[in-house]
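This briefing covers aromatic contacts, salt bridges and surface charge. It is arranged by topic, with the values given beside each contact.

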Amino acid sequence: MPTWDPSQYAQFAAERARPCRDLITAMAVDSPKSIVDLGCGPGNSASLLAERWPSAPVVGIDSSREMLETARAGSTYAAFQQAEIAEWTTQPGEWDVVFSNAALQWVPDHETLFPKLMDRVSMHGALAVQMPADPLAPAHVVARTLAASDEWRAQFATEVQQWHAESANFYYDCLAPRAERVDLWTTDYFHALPSVEAITEWYRGSGLRPYLDALKTLSARNEFLAQYTEHLSDVYPTRPDGRVLLPFKRMFIIAYR
């Protein structure tokens, strides 16, 4: 797993919170008695869950010690535990809401993972998931192309871990046999950012983490970021008002027991 910097991730907290709110708002679950937030990060999503259901205890799960330290310092709404999501699925117990916002794309083997997650949902509860849904977005293609180039290929100490998401058909087929109803949709968000450099900062807190972790030296990381930003300028043009639009497609899944 890539390492995570809570302060870097929080630079675009408002933009990252919007799909989380949209997922929570769409859930048709009345008065849950237990909520678990998988991949809770710095605690933002746990706070939003507690805002929607203030009487339900929320437990946040994350593998990053740094993220959990920030979550514990900034939230009185939830309890937080360190664990890998795949490991958590093997534990006993059921939850009225099993929630995950922008985390499961980093967990492998969704064909096995999603049925296990559904098995931990109590009767009349829900599994609710949001993930990035466009691995062919220019920002991701630029990073992969740059990393695979002759100049950069040998500068990575380890293989770069890629995030992944499957098709809506895939998730429906995984969950429908265990669900009363499965709601699936995608939303394209268009974030107006101040510059193309801001797009680099956005991905430094998420999708670029595996590349930066795998590079051998700090100077290599800085040069990779500089070249990445230069290439982004070719695919994200500046608008007449001086800002840059970052399109971001996200997939939403709600499966009800």
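**Aromatic contacts and charges**

Phenylalanine 248 counts as buried, because its relative accessibility is 8%. The model is a predicted one. Its contacts include 9 aromatic pairs and 9 salt bridges.

**Aromatic pairs**

- The structure has 9 aromatic pairs; in one of them, the ring centres of phenylalanine 170 and tyrosine 171 lie 5.1 Å apart with the planes at 85 degrees, so this pair is edge-to-face.
- Phenylalanine 170 has a relative accessible area of 22% and is therefore partly exposed, whereas tyrosine 171, at 0%, is buried.
- Tryptophan 202 and phenylalanine 248 make a tilted aromatic pair, with 5.9 Å from centre to centre and 45 degrees between the planes.
- This pair connects distant parts of the chain: tryptophan 202 belongs to helix α9 (residues 196-204) and phenylalanine 248 to strand β7 (residues 244-256), 46 residues apart.
- Tryptophan 202 is buried, with a relative accessibility of 0%; phenylalanine 248 is buried at 8%.
- One aromatic cluster is formed by Trp152, Phe156, Tyr211 and Phe224.

**Salt bridges**

- Glutamate 51 and arginine 21 form a salt bridge through their side chains, with an N to O distance of 3.0 Å.
- That bridge also spans distant parts of the chain, from glutamate 51 in helix α3 (residues 44-52) to arginine 21 in helix α2 (residues 13-26), 30 residues apart.
- Glutamate 51 is exposed at 54% relative accessibility, while arginine 21 is partly exposed at 39%.
- A salt bridge at 3.2 Å, N to O, joins the side chains of glutamate 66 and arginine 65.
- Glutamate 201 pairs with arginine 204 in a salt bridge whose closest N and O atoms are 3.2 Å apart.
- Glutamate 201 and arginine 204 are 3 residues apart in helix α9, so about one helical turn separates them.
- Glutamate 201 is partly exposed, with a relative accessible area of 23%, and arginine 204 is partly exposed at 28%.

**Surface charge**

- A patch of negative charge on the surface gathers Glu151, Glu223, Glu230 and Asp234.
- Aspartate 234, one of the patch residues, is located in helix α11 (residues 218-235).
- The relative accessible area of aspartate 234 is 65%, so this residue is exposed.

How values were computed:
Residues numbered from 1 in each chain as written. Predicted model: local features only at pLDDT ≥ 70, side-chain atom pairs only at ≥ 80, totals over all residues. Heavy atoms only, no water. Patch = residues over 30% accessible without salt bridge, like charges linked within 9 Å, V, L, I, M, F, W, Y side chains within 5 Å. Areas by Shrake-Rupley, 256 points an atom, 1.4 Å probe, with all protein chains shown as cover. Salt bridge = Lys/Arg side-chain N within 4 Å of Asp/Glu carboxyl O. Lys, Arg positive; Asp, Glu negative; His and termini not counted. Charge placed at Lys NZ, Arg CZ, Asp CG, Glu CD. Helix = DSSP H or I, 4+ residues; strand = E, 2+ residues; numbered from the N terminus. Buried < 20%, exposed > 50% of the residue type's maximum accessible area, 1.4 Å probe, protein only. Phe/Tyr/Trp six-rings, centres within 6.5 Å; stacked < 30°, edge-to-face > 60°.
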